[in-house]
Amino acid sequence: MAHLTVATSEDTVTRLFEGLRDNFSVDESDSVDFGPFTAGYELAFHLEGGDVDLQNDNSLVVKELDIKWDKLRVFLGIDIPELCIGGFCIIPSPFGCILRAPKICIFDDDPDFGIDLDLGGLLTSEISLAAKPKLNYFTDPARPAGMSWLDAEDADLANKWQLFIDPDWVDIDIFDFSDIVGDLLDNAIDNAVDDLLFFLPGWAKNLIKAILGPVVDLVRAILDIGDDIDEWLSDLLGVSLGVFDLIITLVADFFAAKFPLLEIEDPFPILPYSGSLIPVKLPIEELGVNINDDELVLTATVGETL
Amino acid sequence: MKTKINRHIFTQTRFQSNVLSQLGFIVHQYKESGRYQADVSRHGKPMYSFQIDVCKNHKKPQFSADLSALDKSIRGGNERSAAKECCCEPHDSVFELLEGGFGLFYVGSGPGGYSVCTYPIDQKPHAVFDSAVLGDGDMFGITLLRPGQYVFLEQNKKIKAAIEVEEVKPGKTPYVPPDPVYVDNQQLQKSKVIKLRAAQGLIYKASGGESITIELLKPNDDDSDNPELKIAHWSKPSGGSLNGLKAK
């Protein structure tokens with residue numbers, strides 16, 4: 001039978017979760033070559049909000065955990081087609097062109113065309129998850145073998161019981177890209193063209209843009225963007241670049257093993273140092289946890305020796 | 001790797017049939033079978049040679065010789081090697097051509113400055129084609145990009161005409177330049193103005209003895225907000241020292 005029982009209300013668990021949540025942050029980048037184009041991302045985000053709901057089946061559910069993008073940039077690199085002038089037929093015949101003018105190309109190679117999309121403020125997304133409590137006994141790797149509990153106390157290397165929330169599932173919901181994302185893409189394409197041709201006089205830029213045709217249409221065709229840019233972006237981020245899977249993995253790993261909801265020092269401090277008296281501590285030999293609809297309950301068995 | 005823009009095609013304002021640069025080309029028809037040697041010079045300096053084999057059995061009715069690319073492939077782009085090879089040791093490069101086919105000479109990259117002279121291989125002084133003076137039936141083609149007013153000049157026959165190049169602006173569909181405009185001596189006597197759109201070809205059919213210069217007189221692009229392309233330029237300072245390297 002347990003010697004100690006501590007029950008924490010749902011509100012308290014929510015406060016603990018908020019502390020856990022606020023320690024989560026991500027900064028990642030990657031790029032993938034898809035053949036006709038390359039795509040990459042730089043992302044950083046933290047979490048805000050989140051409603052914690054304790055369940056009767058020894059689990060908790062967190063809903064409406066908002067992803068707040070500190071950075072979400074998508075880079076697209078494409079080779080626009082060879083841009084050449086000339087090549088017209090000088091002497092045509094019913095059987096084809098007998099004599100053709102040379103092609104003179106504007107670039108020495110297919111030009112690299114980089115598009116930079118800053119989607120940070122344009123993507124609304126949130127996470128929900130269900131998790132079960134998981135206890136772990138932590139011994140600091142820096143603690144030398146055989147070190148006494150008192151020396152460990154002095155060196156701040158005491159052992160700890162850790163309570164993690166181990167996700168059974170994590171969902172990420174992409175609600176919407178802002179309506180302006182289409183305009184953002186079009187502007188980014190225009191900017192990329194201007195960057196590519198920045199040192200040319202206006203008439204030359206006009207000529208190249210005229211030969212290229214509507215660059216937005218050209219780029220959208222190369223990137224295979226259909227009518228729905230939201231769908232295309234979600235597919236690019238989620239499927240092609242695997243950003244959403246990455247986020248789910250990072251969140252699940254963080255909650256399951258990186259940062260505990262709660263830590264309990266073992267032996268548990270009862271009284272601190274007092275003059276020449278050493279601190280009073282209570283060894284916790286066993287620790288149990290259970291969640292019901294109202295509370296998270298910890299039960300402890302006190303050990304016989306420290 | 002950063003793509004380089006072919007800046008030469010945007011900076012040229014003067015085009016000459018006897019000093020070929022990008023955007024211009026010359027065509028000569030090889031009516032008789034035989035082996036020809038082509039000597040290529042740059043700014044009057046002999047650079048390299050190649051051969052043309054004209055035969056009824058060859059299938060190609062056209063060869064296109066990029067004089068700048070051949071310069072690099074034959075001489076390796078080495079200016080100094082030109083003096084040794086100078087036109088006397090024909091390179092292995094041989095263009096095969098159907099009898100009656102056309103040889104097209106152009107400059108595919110760089111600033112140009114090339115001229116070419118071809119002759120039956122054992123009859124060096126007797127040129128069948130010399131880009132310095134166009135022969136009857138030869139063609140000089142040009143693709144003008146910059147909008148503005150140009151002058152077309154042929155000094156030997158005293159031909160002078162105006163060329164107006166209209167600017168094109170981005171539209172809803174890709175711009176395809178209209179078919180080329182063909183002119184000859186007689187037409188230019190009647191019509192003194194040739195109207196073109198940017199990147200539309202102009203082809204002059206020579207009657208023999210011509211050397212053509214086309215020069216931009218007045219651009220009609222409003223580029224007051226856009227600086228000219230910067231070209232490396234050196235001019236000797238008045239003091240005579242070598243401190244005058246600057247961007248023009």
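Predicted model: local features only at pLDDT ≥ 70, side-chain atom pairs only at ≥ 80, totals over all residues.
Residues are numbered from 1 along each chain as its sequence is written, and chains are lettered from A and ligands numbered from 1 in the order in which they are written.

User: What is the relative orientation of helix 3 and helix 6 of chain A?
Analyst: Helices (H or I, at least four residues) and strands (E, at least two) are DSSP runs numbered from the N terminus. The axes, lines fitted to C-alpha atoms over the stretch in contact, with angles from 0 to 180 degrees between N-to-C directions, come within 9 Å and cross at roughly 75° for helix 3 (residues 181-196) and helix 6 (residues 229-240) of chain A. Angles under 35 degrees count as roughly parallel, over 145 as roughly antiparallel, 65 to 115 as roughly perpendicular and the rest as oblique. Helix 3 of chain A is therefore, relative to helix 6 of chain A, roughly perpendicular.

User: Which residues of helix 6 of chain A make the contact with helix 3 of chain A?
Analyst: Two residues are in contact if their C-beta atoms, placed from the backbone, lie within 7 Å. Helix 3 of chain A contributes A:Val181, A:Gly182 and A:Leu185. From helix 6 of chain A come A:Ile229, A:Asp230 and A:Leu233.

User: Within what arc do the buried residues of helix 7 of chain A fall?
Analyst: A residue is buried if 20 or more other C-beta atoms, placed from the backbone, lie within 10 Å of its own, exposed if 12 or fewer, and partly exposed in between. In helix 7 (residues 243-258) of chain A, A:Val243, A:Ile247, A:Val251 and A:Phe255 are buried. The arc is that of the directions from the helix axis to the C-beta atoms. These buried residues line one face of helix 7 of chain A, because they fall within an arc of 95°.

User: What is the bridge partner of B:Thr118 in strand 9 of chain B?
Analyst: Strand 8 (residues 114-120) and strand 9 of chain B run antiparallel and are joined by two bridges. In strand 9 of chain B, the partner of B:Thr118 is B:Phe129.

Methods:
Pairing = 2+ DSSP bridges.
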